[in-house]
Amino acid sequence: VYPEEMFLSVKRFNVPVHVSRHPEVNSYIKESLDAAKTWFEKGEVKKIVLHIEDREGQPIERHIFDIKVIKSIVDESLDSIVRRFGDFFLNI
């Protein structure tokens, strides 16, 4: 969808990912997540749908993320949580 040079390759949760360098894309993502924050905190989010269209409005990608909010992770170590995030990102 975007040229490769718009992304920086980094490791997050021990998984290589591409991070956007485009200020408008970053702003859009931040605003969207900030708007949904209350829903996440209340456990009201069931799924997130990422729908990408080309310039003519035709769908080219669609991803559906089922969300399960973990209310308590007190018994898990930080390493365990990082591994879970890594596993999640490898599956998307």
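I began with Y28, and I count this residue as exposed because its relative accessibility is 59%, above the cut-off of over 50% for that class. The model I am reading is a predicted one, and I place Y28 in helix α1. Looking for what accompanies this side chain on the surface, I noted that Y28, I29 and L33 form a nonpolar patch there, with about 340 Å² of accessible area together.

I then followed helix α1 itself, which covers residues 23–41. I read 19 residues in α1 and a reach of 26 Å from the first C-alpha to the last, close to the 27 Å expected at 1.5 Å a residue.

Next I looked up charge pairing. Side chains of opposite charge can pair when their charged atoms come close. In this protein I count one salt bridge, and I find K30 paired with D34, the closest N and O atoms being 2.6 Å apart. Because K30 and D34 are four residues apart in helix α1, I take them to be separated by about one helical turn. I class D34 as partly exposed, because its relative accessibility is 44%, which lies between the 20% and 50% limits.

For the overall layout I listed two helices and four strands, and reading along the sequence I wrote down the pattern β-β-α-β-β-α. Of the 92 residues in the protein, I find that buried ones make up 13%.

V17 sits in strand β2, which I have as residues 15–20, and I call V17 partly exposed because its relative accessible area is 23%. Between V17 and F7 I have ten residues of sequence separation and a C-alpha to C-alpha distance of 9.2 Å. K11 belongs to strand β1, residues 7–12, and I call K11 exposed because its relative accessible area is 58%. For K11 and G86 I noted a separation of 75 residues in sequence, with the C-alpha atoms 9.8 Å apart in space.

I have a mean pLDDT of 80 for the protein, with 80% of its residues at 70 or more. Among the elements, I find the lowest mean pLDDT, 70, in helix α2 (residues 78–91), and the highest, 90, in strand β4 (residues 59–66). Where pLDDT is low, the predicted coordinates should not be read in detail.

Technical notes: Residues are numbered from 1 along each chain as its sequence is written. Side-chain values use heavy atoms; hydrogens and water are left out. pLDDT is the predictor's confidence in each residue, from 0 to 100. The expected span of a helix is 1.5 Å times one less than its number of residues. Patches are made of residues with over 30% relative accessible area and no salt bridge: like charges are joined within 9 Å, nonpolar side chains (Val, Leu, Ile, Met, Phe, Trp, Tyr) within 5 Å. Accessible areas come from the Shrake-Rupley method with a 1.4 Å probe; for residues, only the protein chains shown count as cover. A salt bridge is a side-chain nitrogen of Lys or Arg within 4 Å of a carboxyl oxygen of Asp or Glu. Buried means under 20% relative accessible area, exposed over 50%, partly exposed in between (1.4 Å probe, protein chains only).
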